[in-house]
Amino acid sequence: MSAVELLRSRHTHAFQAASWINAKLAVLFHKAQAVWRRRRLRSGQKHIRRRFSDAQPGERDWLIGAEIKYGGMVMHVPRNKISSMDPRTDAQVTLGGMTGGDRMLYLNYGVKYAQYLRPLVREERSVTLAEFGILMGTGLAIWCDLFPQSRVLGLDIDLGHIRGNMANLKQLGAFEKNQPELYEYDQFLDNTQYLETILKGDRIDVCIDDGFHSVESIMTTMQCVVPHLADRFIYIIEDNVTVHRDIRAAYPQFTMDHKGPLTVVSNG
Ligand SMILES: C[S@@+](CC[C@H](N)C(=O)[O-])C[C@H]1O[C@@H](n2cnc3c(N)ncnc32)[C@H](O)[C@@H]1O
């Protein structure tokens, strides 16, 4: 073997050895990372569970714990049914899918929800609560625990997802003290009369809009809901950063609390 060949073969062997060590190290590194992530997740969940069990119903930590208990964040949920007035293209409708169960922890809305709902819970008030956009029903499970003596209405263009998730929610302990009423509802339509039929004389104390999220759908929903609001009401609108301007212009008599993508309208 010539000196050049010897060098080349040594170089190849060294290179192969280094690659082998690198590959082994990479596998070890990934395994260690996975163990570390699992531990962190377990201790994080333990921490949240402890805070949840120490918290009072309606407090931020209680809301976060309840959301996790009933499934937590879900992503890429397919849009099986949409409004005939949905302005999106077919490609936009298919893209990504829907997300839910993310309001209390990930979006950090728990702070505002606690601020507005905790006083009602403390007063043990029997309320009529309507949630527009319910997806898998995580929110409805929380509201039914929070307001066991109340009417909880879930309205959505597609009730398929909650119906498919009902057994799972019940197995997780949901709806033991209160059952939600479910209604098919298109936020792009004038549903004032339909709401009157649903409400049977009751007035909405708490309204939550977590549906289509466009200015048009939010304002149309609000127009239909406003005639049915109680004298004292809380109206929470999620995930739209500009709609507070339209609401302020249309309803100057209402009190507005707006922070980023969350708007709370009330009359107090
Ligand atoms: C963000 S998800 C709701 C998440 C849910 N609130 C939760 O707690 O996890 C949005 C929901 O709005 C519904 N939706 C979309 N377009 C709608 C429309 N035009 N009218 C009523 N609901 C609609 C979807 O079917 C979906 O269930």
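Figure 1. E131 stands opposite I208 in β6, and its bridge partner in β4 is G154. The model is predicted: local features need pLDDT of at least 70, side-chain atom pairs count only at pLDDT 80 or more, and totals for chains, interfaces and linings use all residues. Residues are numbered from 1 along each chain as its sequence is written. Strand β3 (residues 128–132) and strand β6 (residues 204–209) run parallel and are joined by four bridges. With strand β4 (residues 151–156), β3 pairs in the parallel sense over five bridges. Two strands pair if DSSP finds at least two bridges between them. Helices (H or I, at least four residues) and strands (E, at least two) are DSSP runs, numbered from the N terminus.

**Figure 2. Burial of strand β3.** Five of the five residues of β3 are buried, so this strand is largely enclosed by the rest of the structure. T128, A130 and F132 point one way from β3, while L129 and E131 point the other way. A residue is buried if 20 or more other C-beta atoms lie within 10 Å of its own, exposed if 12 or fewer, and partly exposed in between, with C-beta atoms placed from the backbone. Of the 268 residues of the chain, 31% count as buried.

**Figure 3. The open sheet.** Seven strands are arranged in the order β5-β4-β3-β6-β7-β9-β8, with mixed pairing. The edges are held by β5 (181–184) and β8 (255–259), each with a single partner strand, so one side of each has no neighbour in the sheet. On average, neighbouring strands of this sheet are turned by 15 degrees against each other, direction ignored. For such angles, axes are lines fitted to C-alpha atoms, for helices over the stretch in contact, and angles run from 0 to 180 degrees between N-to-C directions. Strands of a sheet pair through backbone hydrogen bonds, either parallel or antiparallel.

**Figure 4. The shell around the ligand.** The ligand is surrounded by 23 residues, and the closest are G100, G133, L135, G139 and Q187. A residue is near a molecule or strand if its C-beta atom, placed from the backbone, lies within 6 Å of it. β2 (98–100) and α5 (138–146) each supply at least two residues of this shell. The largest share, three residues, comes from β2. By type, the shell divides into nine nonpolar, ten polar and four charged residues. Here Ala, Val, Leu, Ile, Met, Phe, Trp, Tyr, Cys and Pro count as nonpolar, Asp, Glu, Lys and Arg as charged, and the others, Gly among them, as polar.

**Figure 5. Two loop residues with positive phi.** Most residues other than glycine have a negative phi. E124, which is not a glycine, has a positive phi of about 55 degrees. E124 lies in the loop between α4 (110–122) and β3, and counts as exposed because it has 9 C-beta neighbours inside 10 Å. Phi of H213, also a residue other than glycine, is positive and near 75 degrees. H213 is placed in the loop between β6 and α8 (215–225), and with 16 C-beta neighbours inside 10 Å it counts as partly exposed.

**Figure 6. S53 in helix α1.** S53 belongs to helix α1 (residues 3–54). With 10 C-beta neighbours inside 10 Å, S53 counts as exposed. The C-alpha atoms of S53 and E67 are separated by 13 Å, and these residues are 14 residues apart along the chain.
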